[in-house]
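Please open the structure in your viewer and keep the selection tool at hand. The tour below goes stop by stop, saying what to select and what is there.

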Amino acid sequence: MKNKFKVLIADDEPSVRELLRNILEDVGVLEIEEAEDGESALSLINGQGFDLIFLDIKMPKTDGMSVLKELSQSGNMPRIIVITAFGDFSTALQAMGLGAFDYLNKPFDIEEIKNQTLRVMHLKELEEEVKSLRRKFPEAREFREQIVGRSEKMLEIIKTVGRIAPSPVTVLIMGESGTGKELIARAIHGASPRREGLFLPVNCAAIPETLLESELFGYEKGAFTGAQVRTPGKFELADGGTIFLDEIGDMSLSLQAKVLRVLQDKTFMRIGGKEPVTVDVRVIAATNQDIEEMVRMGRFREDLYYRLNVCLLKIPPLRERREDIEELTYYFLEKYSREYGKQVNRVTPETMEKLLTYSWPGNVRELENYVARAVASSAAQVLTPEDFPLPEEKMEKGEIPLLPLAKATEELEKRLIKEALEVAGGNQTQAARILQISRQTLATKIKEYGIKID
Ligand SMILES: Nc1ncnc2c1ncn2[C@@H]1O[C@H](COP(=O)(O)OP(=O)(O)OP(=O)(O)O)[C@@H](O)[C@H]1O
Ligand SMILES: [Mg+2]
């Protein structure tokens, strides 16, 4: 794998290129190309696929930021680590907003460069594993082509899906609303030997308790007024297939006991029935609630939780895997262009910056809705920030450097604070000024993140 890993170093200073080359060779990278300005960097990038690019911001002819902007419109952004001057946060933030993978400050911290490189190498390995997994399940459409993602977290999830799909193991999927729980559940079913059987979703939150019981387990003739014929429930109908218990956190304790019984001995009673019914059903459950907390409060059965918990998939919110935003955006652009018979296939760099820095409380569904609306209403081929009237719109233009800071991942925030403290020689007032936040906010964050000051 190491010899297939291709890196481009784009920096106008020969000494910097040499230093980076030495570090890269140290971690075993064999294919290294160099460029001394933005223009030659771009032509090299367009000609071949790089797994990692070190990109200096200050370069003659085309500078690094323009290279980033150009690439951010491609829909297939390589992993880029930008090189900025020491303490130049706003440039680093702008680059991250344009989809850079990470940034480096001069003078270099050699260990950091090694770690970043190893991280990207690991990601590439994961990507290749996932690619071969996708090939392994040609029948599972969801699995093969619909789960988009290139962040480490998503790649790990896709890998797990491939690993657990073939067995009948019960799965619990946790994640905020709109993170893709149902999509993942369908993918597991589609890649399992039961794919010819039914995939039956039941939304436990949407149905009142008594109805939910008959919906799940069915009833005998005469079980209650109006029960005129014996009616099978979802568990019976899903025999040989998969049942998807969505919002399982909303299920009553008494129904939970019945579901537990199905999981334990594959049997249940129809309402009003005397004979147990036996079924072969795989159960996938999902929730956006904190089930562990519910167990502590006595609102969810502990034994059922342990049964479901055999295989737990936690899907992180979109704001914790921003690396997926660009690919998802282009995926939805294509999907809705096709659906609406249009050809909207790009967004401007400013638009991508806006999408990358928004917090997406409604996760992937929210992003999908925005893209769908933008495609539907746009007359142009390229979308602009105005096509995405996100709630953050009220922010003043002048506050832009503050916006990514507030929305950035914890990790980025932590790093920025550490760097600011370093520049300020440990002086918190000065560090707060650099970060453009109040001293109070800085103090709170230092405490929250447990940052040590020396
Ligand atoms: N990784 C992804 N790749 C492509 N599309 C995705 C991805 N994740 C989610 N989506 C899409 O986003 C939408 C919402 O996903 P889904 O319905 O699976 O979310 P959910 O977690 O079940 O949400 P809720 O909790 O609101 O029911 C769907 O249209 C789904 O196809
Ligand atoms: Mg759902």
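In which sense do S1 and strand S2 (residues 31-35) pair, and over how many bridges? Select both strands in this predicted model: S1 and S2 pair in the parallel sense, and five bridges join them. Within this pairing, Val7 has Ile32 of S2 opposite.

**Strand S1**

Strand S1 is largely enclosed by the rest of the structure, because five of its five residues are buried. Buried here means under 20% relative accessible area. Show the side chains next. In a regular strand they alternate between the two faces of the sheet. In S1, Lys6, Leu8 and Ala10 point one way, while Val7 and Ile9 point the other way.

S1 and S3 run parallel and are joined by four bridges. To find one of the pairs, pick Ile9: its bridge partner in S3 is Phe54.

**Helix H4**

Move to residues 89-97, which make up helix H4. Which residues of H4 are buried? Colour Phe89, Thr91, Ala92, Leu93, Ala95 and Gly97, as these are buried. Past the end of the helix, select Gly99, which follows H4 and has a positive phi near 100 degrees.

**Ligand 1**

Select ligand 1 and display the residues around it. There are 18 of them, and those that come nearest are Ser177, Gly178, Lys181, Arg365 and Glu368. By type, the shell holds eight nonpolar, five polar and five charged residues.

- Val148: its polar backbone atom is 2.9 Å from a nitrogen atom of ligand 1.
- Glu182: here the distance is 3.1 Å, to an oxygen atom of ligand 1.
- Thr179: an oxygen atom of ligand 1 lies 3.3 Å from its polar backbone atom.

How much of the accessible area of ligand 1 does the protein cover? On its own the ligand has 630 Å², and the protein covers 86% of this.

Finish by colouring helix H8 (181-190), helix H14 (323-340) and helix H16 (363-377), the elements that each give two or more residues to the shell around ligand 1.

Terms used. Residues numbered from 1 in each chain as written. Chains lettered and ligands numbered in written order. Predicted model: local features only at pLDDT ≥ 70, side-chain atom pairs only at ≥ 80, totals over all residues. Heavy atoms only, no water. Buried < 20%, exposed > 50% of the residue type's maximum accessible area, 1.4 Å probe, protein only. Pairing = 2+ DSSP bridges. Near = heavy atom within 4 Å. Polar contact = N/O pair within 3.5 Å; in protein donor to acceptor, adjacent residues only side chain to side chain. Areas by Shrake-Rupley, 256 points an atom, 1.4 Å probe, with all protein chains shown as cover. Nonpolar A, V, L, I, M, F, W, Y, C, P; charged D, E, K, R; others polar.
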